[in-house]
Structure formats: C-alpha cells, structure tokens
Amino acid sequence: MSLLSLLIFFPIVAGSLILILPFKQRESYKYIALATVGLQILLSAFIYFNFDGNAFTGIATQSNYQLVERLPWINLDLGSLGKLQIDYFLGIDGLSMPFLLLTSIVMLIAVISSWEIKANLKGYFVLLMLLNTAVMGVFCALDFFLFYVFYELMLLPLYFLIGMWGGARREYAAIKFFLYTLFGSVFMLLVIIGLYFSVIDPETGSHTFNMLHMMNPANYVDGSIFSLVGNQQLFGMSARLLGFIVLFIAFAIKVPVVPLHTWLPDAHVEAPTPVSIILAGILLKVGGYGILRICVSIFPDATIDSAWWLGLIGVVSIIYGALNALAQTDLKRLIAYSSVSHMGFVLLGIASVTAEGISGAMLQMISHGILSPMLFFLVGVIYNRVHSREIGDFKGLALIMPKYTTFIMIAFFASLGLPGFSAFIAEAFSLIGAFTSESVNGLLPRWMAIGGSLGILLGAAYLLWTLQRMFFGETILKGGESWRIKLSDLNKREVFALTTLSILALVLGILPSLAFDKMNGSVLELIRLVSLK
Amino acid sequence: MQEFLPYLSQLIYSGVSGFAHLIPEIILTIVFILVIVTDLFFPGKKSSAAFWVCIIGITISAVAVYLKNPGLIRISLFNNSIIIDQLALSFKLIFSAVTILFAIFIRYNKALQNHKKGVGDLYMLLPAVLIGLNLMSMSASLLMIYISIEMVSIASYLMVGYASATAKQTEAAMKYALFGSICSAVMLYGMSLLYAFTGSINIGDEAFLTGLSLVSEPAVSLAMILVLVGIGFKLSFVPLHFWTPDVYEGAPTPVTAFLSTAPKIAGFALLIRFIEPFTLFAETHPDKELFDFKTALTIVALLSMIIGNFSAIWQNNVKRMLAYSAIGHTGFALMAIVSFSDQAFTAILFYLGIYAIMNMAAFMLVDRIEEQTGATDVRDYKGLGKILKLEFVCFVVVLVALTGLPPTAGFVAKLFVFSAAFQQYSISESLWTFSLLIVGAVTTVVSLFYYLKIPLYAFLKESESELVPTRKSNGIIYVVIFLSALLIIFGLFPDILK
C-alpha cells in the first residue's frame, strides 16, 4: 500500500473503528480521531520533506508526478464502444502536495475544536473521518472519475455535519449548500462524459478518464465535441469554451466567487465551529485547486479567452466580499464574508496566468487555509462561552481576556496583510501577477490590480473597526456579570491550537520559500502548458 | 385446412423443439401448481410451506435461465413469436430476483400476514406473474405482447386489491383495474389496426414492415401511438402516469414495491423488443420512415422526468413521493432507449438492475418504519433517525443511490445512461438529445431536494414527542442491509455485474 492510499484511507479505518466501538467508550472517539489526524500529519510532513519541487513538476506528464499509483479499477466491456476503462490513479505534484499538509493540519485543529461537541459523538466523528478521506482523495486523484467520486463524497458528510450539529437555521443552510454544490457538479458530470468520449488513451486506444491525457491536445479524437482542431459549436459558442465555463462554475461555487457565494455565509455561520474550520480551511481550496488542476490545465485555450472575465470576477469578489464584511453585525458572518474577499485574490492571481500570480494564488489558498481556521476557532471560543457572536454585545474584551485578545490581534493583523505574515506575501504576489499581466501576456488590465488593492484597504477597515468595537475601551457586556464569569480566558488546548496556526502563518510570511520552492516547478510547467495552447 | 397439411409436421416439430428453450417457464408453471397444492394441504400459520416452495421454485428457474447464458446467440421460437437472446436472459434474471425479494417482503409484512385471507394465494400469484414478465421480455409478435401484458396485469389487479380494507385501498384497486383494462383495450385496437394494415402479427416479419411502409403515415402513427399506450401503462410514463400515485399509496407496501419495479422493467424490455425491428428497418431502408420513435420517446422522456420529479417535491406521503420519483426514473431510463444501441442496452440493463435494488430497498424501509412507528408521512419521521438508527442509515444510502451520487451504484448507472445519451448526441447532434441531457442533469438536482427530505426530518429535526416506538427485530432489516451494501459494492466495483 502506498503512502497516498494510506493517507486517504486511514481515516476510513479509524471511522469504522469508531463505528464498532460501543457507546460506553464514547470518550475515546475523539482520541481515535486525534491519533488518526496526528498520523496523517506525520505522513504528509514526510511527503512534504521528501518532495522535490524541481523534479516533480507534474501537470501533464505522469512521470513528473511523485508517489504515482496507478491500478486498473473498473473494466467494463461496452460492446461496440470498446472498453470502459477507469484507473485508480493517484499522484502529487507541486499544486497538490501543499494541500495534503494543509488538510492534515486543518483537520487537527478541527478535531481539537471538536472537544466542544457533546451530542451524538459516534455519528459526528464517523462523518468527520469520512470527510477527511474524501478531501485527501480529491487532492490526490488524477483520474477524473476518481476525482468526481471523492468530490461528491464530500457533500453528504458535510450536509449532516452542518445539519445535525449546526445552529438555529442549520436545516436551511445545509440543504442550500448541498443544492448549490450539486447543481455545479451534475453539469460537471456532463462535461466529464464529453471529455471521456473526446479523449483516447494513446497506450490502449480506448476512451479514458485520465486527466493527464485530457491535457494533451494530441489525444483528442478528430471531430469529437471537445476536440481542439474541430472547434465544435454549441449554441453558437465554442464547445470547449462552454465546457470550461461549466467546469468553472462548478468550482467557482466551491471557491466561492460572487455571485455564486450566497450559500457560504449561511453554511459557515450555521455550521458548528469545527465544520466552519474545515469549510473555510480546506473545502474552499478544493474549488481553487479544481480550477488550476482541471479548468486551466484541460482547457488552456478557453482560460486565455476568458482570463479577463475571471479577473473581473476575482476583483468583484474581493471588493463585494469586503464591503459586505463591513456591514455585518455578527462576527462569524463578518469572517465568512472576509473569506469571499480573500478567495477573490486566488481567482485574480490565477487569471493573470503569470508565475507570480499563480504562485500568489497558491500561497493565498494556503495562507487563508491557516488564517481562516484560526479566525473561526476564535469566534467559536466566545460563542461556546456565552452563545453570542454579535459584535455589539461585547466591548472591552481585552481587559478580561488578554490571551484571547492577543490571538485575535495576531489573526486580524495577519489577515489584513501585515508584512511578516503569510497573507501579505500571498496577496502581494497575486497583485504583482495581476499588475504585470498587461505587459507580460496582456490578459488583465492594470486597474484590476488596483481594484484588488482597494480590497486590502477595506479589509483593514473592517478588521480594525471590529477590533476597536469589541476589544478596546471599558468592559461592557450584554449579559452583564454572568457573562464576565463565563468569559474565561483561553485554556491550554485552545492556546495550543492557536499557537500552532500563528506560528505557521508567521513562518510562511518570513520564509515563503518553504512553500514556493515546492510548487514553483509545477507553476512554471502549468504556465508553459497554457502558453502552448 | 387441407392446404396446411404438408406443413403440419414441420409446425408441430418447431413447436415441440421450442419447448426445450422454455425450461424456466415450464418450471414456473409446475411451481405455480405446486404452490396451490402445498398451500391447500399445508396452510400452516404463515403459509410457510407455500413460501418455501415458491422461493425454491423461482430460484431453480433462475438457475435454469443462468445456465442458458453462456454463448447464447439469438434464437426465435414458435414461428418467431418468441425471441430469446442475452438481453432477454438478463431481464429474466432481474425479474426472478425482484420476485424473490417480493416473496420475502410479503413474509415479513405484518398487514398482509395478519389479513384473514392469509398470504398463501399471494405466493401462488408469484410464479404466474413471473411467467408473464418473462414472456414480456421475449415477445416478438403482437399476440404475444398482448398475452404477456395481460398475464402481468391480471395478477397485478389481484395483488393490489388483495388486502383492501379501507375505502382508499378499494379505490386504488378499482382505479388500477379500470385504467389497466382501458389501456389494454386501446392497445388491442392499435394492434388490430396494425394487423389490418399488414396481415401479419409478427413484428419482425419483412411482410409486416414493408406492409406498414405502404400505408399512409398518419394511420401508422395512430396505430403505433395506440400500442404505445398499452406499453406506457406498464411503464407509467407521462401522460399515462395518473394511476400511479393513488395505486402506489393505496396498495399494500410490498405490492407497491413490486409494481413499481418488475412490471416497469418488463415494460422496458417489451419496448426494446417492439422498437427493435423498426430500427433495423429504418437502417436498411433510410428513405422510408415508419414512425419516429426517437422523437416520440424523447418527448415522453422529457415530460416524465420533469413532471415526475417536480410533482414529487410537493408530496409528503413517502409512498406517493416514491411513486412520483419512479415516474422520473422511467423518464431517465427512456433516455437510454432513445439512443438505441448496444451500449444503450448495457446502460439500461445496469440502470434497471440497480433501480430494482434501490426501489425494493426503499419500499422495504418505508414499510419497516411504518410498522415500527405508524409513520407514513415524511413529517412524522421527525427525530426518528436517532431511534431507528440502522433503518435510517440504510435509507440514506438508498436515497443517495436514487439521486445518483457516488460512491453508490446509482451513480454508475446514471453515468452509463448519460454516456449512452451523449454518444447518441455526438452522432446525431440533435437538439432533442441535448435537451435530454440537460433535463436529466437538472432533474437530478431537483430529485435531491425531495429525497433529502427524509434524512432532513429523520436526522436534522428534533422529535417533539417523547414517544419511543417499540423496536422489534425483524428479518427484513437484514435484507435491507444486504441490499444497501450491494448498492455500495456495485458502486465501487461495477465489473462484478458483468
């Protein structure tokens, strides 16, 4: 069994163990989950240190992927149409490797914050482990069918995690999330089928779901719907552009970008803290990763054609998300909207198709994957103590919760892009990419970069204003004295989780090469692929 | 009479030699008689003897079907009124499996078991209806089509009315019988027209097809539509779906499970048999189009998907909801029929096989939950997920499969059907086929909305009453667990089914 399979399926084993343990042992569930995630961190750290970013540039060549595992999985003879061939095909390159480490770290934080879950522990941890498997699988899969299976497998555990352990409007939030995502992915399925019938595996001569073959224009059948040469039309539009748009919408719902973001504030706010952490920390990245791995790599021509629009959507998301965050009175909603704003930089960076832009987008995803769990964790802390998240209910928290305030300040300043933290480098690179794009490849106009920087300014405004309203001044709490007693400062478990995240954000801010070195080769390879078109 | 004399020996010979290929059906006939006799002499408390004879007999006939499987090419028997090929054999295996599940379901259903009539007569109907279903998948002449449909219909009328106690149940039985007989009368009229046009009842005959091509097109279309009405009643596609919700709700749950599965699948088999000669004819004579099945079925498929799925949203009775969703599934499977190719047949067989598992499991769960708690309305499922854990976990698996999401077999089935339709689109580039794909995708999202109502009430909402239902273990739950496990296993390794 290879390393990646172990990483993916170990949580399932742990989940089954939790499932068969009797109810009396329910205290042990969280330790099993913790041990599982601990092992995953060790594994993914091992993978990280042994990953050679310059040798394993991945993208379209199988030999450039590390830890490749390719086994025949489904082989069905379909009569006149040859064989249905689906491989169990895993591998990592610079685009996917960082997310494995990120996923295991975010999962660790989520498990730590799951200490507060009291009801129905067995179901909770089993679903959490199932979700863990699905996410790891999405980042490792190189066969589109396998990718889709993992991608859809994420939905059901999340539906129940939000719906059963969430807040007051959890039913609405859960179904909204599910319907939005499924809407995107059902149409994605149609494009997958279209790609399947368009692409031939050069080794066996039958149709294939292999993503790497889909990236090579030579493998397309002449006259097939997505063939590059034929330029098939659908509704007066190039079929390839349409395919790209459908896939992009599916992933853009996940990212999410304005105007497909409306599920996010509901889902994030209603979800229990650990699930908000996973949602913001990893699942939004699945969208960004999907755009890079699938939309851009398989449809490079359409990417170039629609880069301007992608950039525009990115800038709109940045500014619209930030303006919305400014208007929120609920702290968790504010952070949810700030996610929309920050993920806009990812799209802007990708749209620039420059080395700086895409590296920036990747780093922004990692950085946001560290900072947003921290922010949601912090919101969870006060919500658990007094069951309120209204900004107006608190004033002068700094006086009674000094440790908490320290971490809030770290998280807020890191998020607004203070130099020294990861978000600064990430946003700076995305903006540099967007700015130079006009002179390098002429895809994005300069004003988009300027629009993006406006978002940073707005980010500073809503975060600092919140800091001032909630933490400074004399202590006035809505719940009076009883709240003051309940609002105890952070305990050791919470300090541990928050310190880990702060250190990560700081280290990546000071030594961004830790991430850049690993992914640079793949980013350059991706740009080469796109510019070939 | 005299003129037939020279052919008589040949006719008799072909008749007798044909019986060798009908061993499964002959076994079923014997089982049918055996079940009656057994139940007469050993009624027992639960007609156990009849149950076992029925199960074992059907299994033996299924084995006989299976043994025929390897290397069989197409054979026609009895002057081409019956065709046996791989497709028919696969369909027959599905029918046998569904019938066995139905028998087990009857055995564990309290309402039927406690009925004063007992269940012996119901077991007796099973081999009989199975013969009808098998014949439906093999019919190649108008007469055979009519006889087989009627065999299944008459048995179904009896089943629906079997335990009718309330007005609603009686209404369902009456509605079903009336609607069914009208449909078959209409179909018979259509057949008589076809016979009048051609002088042959054998749809595979060259004379039949060339005869039709000489008749004016509107007349042929009328006759075809009339015949399709009869088949459509079995398939319950729109606009012949009106009977389904009432009948499904009113009939005993095991009967509903059976009716929404086996006759429907048989309807598909029959449809394939019926269209096949016309498609071959259209390929060899491209200038003469007898009847545009593709467009007609596309429209029917679109309507069934849209009306079935959208109507299901408004249902709160779980059985009614599943009835409407079954209409949607019919529409979806028709998508593969429209593309009419070898690959489409593989797709449709896989889809219907999986559909049989999902549907039987879903109704078993509905019945089990009703027996435990008395809940038939989805709103009464509130908070039950925490009490009937096993049942509802299985239910979620089944519903995910019905929606068509991985990692269940429902997804693979959906993928196959989509692929078949896509393949058809890339050949024909017709906007109709494209709209099938789009509507198929959209209605999948719609179906999620109502399927998820069940876990929504069972798990997400808290129960208001403190009533704890009595939990009684019951063998049916093991069957359901087995079926749910199958759905996941076939979803991960669909090769097993080949």
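In which helix of chain A is the place of Glu152(A)? Glu152(A) sits in helix H5, which covers residues 144–153 of chain A, where helices (H or I, at least four residues) are DSSP runs numbered from the N terminus.

Before I go on, a word about what we are looking at. This is a predicted model, in which local features need pLDDT of at least 70 and side-chain atom pairs count only at pLDDT 80 or more, while totals for chains, interfaces and linings use all residues. Residues are numbered from 1 along each chain as its sequence is written, chains are lettered from A and ligands numbered from 1 in the order in which they are written, and side-chain values use heavy atoms, with hydrogens and water left out.

Let me stay with Glu152(A) for a moment. Its relative accessible area is 2%, so Glu152(A) is buried, a word that here means under 20% relative accessible area, with exposed meaning over 50% and partly exposed lying in between (1.4 Å probe, protein chains only). Leaving aside residues up to four places away in sequence, Glu152(A) touches Leu182(A) and Ser185(A), and also Leu405(B) and Pro406(B), a contact being heavy atoms within 4.5 Å. Ala134(A) is 18 residues from Glu152(A) in sequence, and their C-alpha atoms are 8.2 Å apart in space.

Now to the charged pairs. Over all chains, the structure holds 26 salt bridges, each being a side-chain nitrogen of Lys or Arg within 4 Å of a carboxyl oxygen of Asp or Glu. One of them joins the side chains of Glu116(A) and Arg493(A), at 3.1 Å from N to O. Glu116(A) lies in the loop between helix H3 (97–113) and helix H4 (121–140) of chain A, whereas Arg493(A) belongs to helix H20 (residues 492–510) of chain A, so this pair ties together parts that are 377 residues apart in sequence. Glu116(A) is partly exposed at 26% relative accessible area, and Arg493(A) is partly exposed at 21%.

In chain B, Lys175(B) forms a salt bridge with Glu171(B), with 3.3 Å between the closest N and O atoms. Both residues lie in helix H8 (residues 167–198) of chain B, four residues apart, which is about one turn of the helix. Through salt bridges that share partners, Lys175(B) and Glu171(B) are joined with Lys168(B), Asp246(B), Glu249(B) and Arg320(B) into one network. As for accessibility, Lys175(B) counts as partly exposed at 31%, and Glu171(B) is partly exposed at 43%.

Definitions and conventions
Helices (H or I, at least four residues) and strands (E, at least two) are DSSP runs, numbered from the N terminus.
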